[in-house]
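Try each task before reading its solution.

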Amino acid sequence: MVREKIINNDKLEEQKAIVKQVNSLMALCDSLKEHIDNIQTQIAQLMQSCLSEVLEPAN
């Protein structure tokens, strides 16, 4: 009975460590997604700027 509780406690600690690692990785994924979104916005703005330069008549 005591041994079973020790084993269960070890499993609980292992599960907590796994949850902590998963949460850390999910935070990294969220950060990377935000970074990608920002880069895509910058690319779209740059493309629009380039098109404006090409398509606007010269003065």
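**Exercise 1.** Is K16 buried, partly exposed or exposed, and at what relative accessibility?

*Solution.* The model is predicted. Start with the value: K16 has 48% relative accessibility. Exposed needs over 50%, and buried means under 20%. K16 therefore counts as partly exposed.

**Exercise 2.** How many salt bridges does the whole structure hold? Describe the one made by K33.

*Solution.* The search finds 2. K33 pairs with D37, and their closest N and O atoms are 3.0 Å apart. These residues also sit in helix α1, 4 residues apart, about one turn of the helix. D37 is partly exposed, with a relative accessible area of 32%.

**Exercise 3.** How many disulfides are there? Classify C29 and C50 by accessibility.

*Solution.* A search of the whole structure gives 0 disulfides. C29 is partly exposed at 45%. C50 is partly exposed at 41%.

**Exercise 4.** Which residues make the nonpolar surface patch of about 440 Å²? Locate L55.

*Solution.* The patch is made by M47, L51, V54 and L55. L55 lies in helix α1, which spans residues 2-55. Its relative accessible area is 68%, so L55 is exposed.

Conventions
Residues numbered from 1 in each chain as written. Predicted model: local features only at pLDDT ≥ 70, side-chain atom pairs only at ≥ 80, totals over all residues. Heavy atoms only, no water. Patch = residues over 30% accessible without salt bridge, like charges linked within 9 Å, V, L, I, M, F, W, Y side chains within 5 Å. Areas by Shrake-Rupley, 256 points an atom, 1.4 Å probe, with all protein chains shown as cover. Salt bridge = Lys/Arg side-chain N within 4 Å of Asp/Glu carboxyl O. Helix = DSSP H or I, 4+ residues; strand = E, 2+ residues; numbered from the N terminus. Buried < 20%, exposed > 50% of the residue type's maximum accessible area, 1.4 Å probe, protein only. Disulfide = S-S within 2.5 Å.
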